[in-house]
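Reader: Hi! I'm new to reading protein structures. Could you walk me through this one?

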Amino acid sequence: MIKHLKNEEEFENHVKSGVTLVDFYADWCGPCRRMGEVLEDLDEINVLKINTDEFPKIATSFGVMSIPTLILFIDGAEYGKLIGLQSKDDILDFVNKR
């Protein structure tokens, strides 16, 4: 399931429990658009999309320097990070090896 962050306060509620994959992206970013298409095929994973142009403070707080960046959160804690365009299989391996 894919959700888009609407405000900064919402972020903690989305990642505080369970497994959430956070996609840091920008609308103008070509690789980010392709990553979005890959993420749409991952129905079994909770995905939170955060536009870095709208929420730069959140991106900076997690050291996002390049987009797309995927960060896996488990029960509110950062578990791992993938930078750049990823395949569906790479994302599934990343999430499932936790």
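Author: Happy to! One term before we start: an axis here is a line fitted to C-alpha atoms, and an angle between two axes runs from 0 to 180 degrees between N-to-C directions. With that in hand, α4 lies across β2, β4 and β5, and runs at about 135 degrees to β2. Keep in mind that this is a predicted model.

Reader: Okay, and which strands does helix α1 lie across?

Author: Helix α1, residues 8-15, lies across β1, β2, β3 and β4. Its direction is at about 145 degrees to β2.

Reader: What order do the strands of the sheet come in?

Author: The order is β1-β3-β2-β4-β5, in an open sheet of five strands with mixed pairing. At the edges are β1 (2-4) and β5 (77-83), each of which pairs on one side only. On average, neighbouring strands are turned by 25 degrees against each other, ignoring direction.

Reader: Why is β2 described as largely enclosed?

Author: Because six of the seven residues in β2 (residues 19-25) are buried, the strand is largely enclosed by the rest of the structure.

Reader: Switching topic: how many residues are in the largest nonpolar core?

Author: It has 14, and the ones with the most contacts inside it are Leu21, Leu39, Ile45, Leu70, Ile91 and Val95. α2 (30-40), β4 (69-74) and α4 (88-96) are the elements that each give two or more residues to it. The largest share, four residues, comes from α4. Apart from this core lies another one of 13 residues, including Leu5, Val22, Ile71 and Phe73.

Reader: I'd like to zoom in on Leu39. What is it in contact with?

Author: Leaving aside neighbours within four places in sequence, Leu39 is in contact with Ile2, Leu21, Asp23, Val47, Lys49, Leu70 and Ile91.

Reader: Lys49 is on that list! Is that lysine buried or exposed?

Author: Lys49 counts as buried, because its relative accessibility is 9% and the cut-off for buried is under 20%. Lys49 is found in strand β3, residues 46-51.

Reader: Which side chain does Lys49 have a polar contact with?

Author: The side chain of Asp23, at 2.5 Å. Not counting residues up to four places away in sequence, Lys49 also touches others, among them Ile2, His4, Tyr25 and Gly36.

Reader: Last one: what about Asn51, buried or exposed?

Author: Asn51 is buried too, at 4% relative accessibility. Asn51 has its place in strand β3, and a polar contact of 3.4 Å joins its side chain to that of Asp27. Setting aside residues up to four places away in sequence, Asn51 touches Tyr25, Ala26 and Asp27.

Key
Residues are numbered from 1 along each chain as its sequence is written. This is a predicted model: local features need pLDDT of at least 70, side-chain atom pairs count only at pLDDT 80 or more; totals for chains, interfaces and linings use all residues. Side-chain values use heavy atoms; hydrogens and water are left out. A nonpolar core is a set of buried Ala, Val, Leu, Ile, Met, Phe, Trp, Tyr and Cys residues joined through side-chain atoms within 4.5 Å. Buried means under 20% relative accessible area, exposed over 50%, partly exposed in between (1.4 Å probe, protein chains only). Contact means heavy atoms within 4.5 Å. A polar contact is a pair of N or O atoms within 3.5 Å; within protein, one must be able to donate a hydrogen and the other to accept it, and residues adjacent in sequence count only if both atoms are side-chain atoms. Two strands pair if DSSP finds at least two bridges between them.
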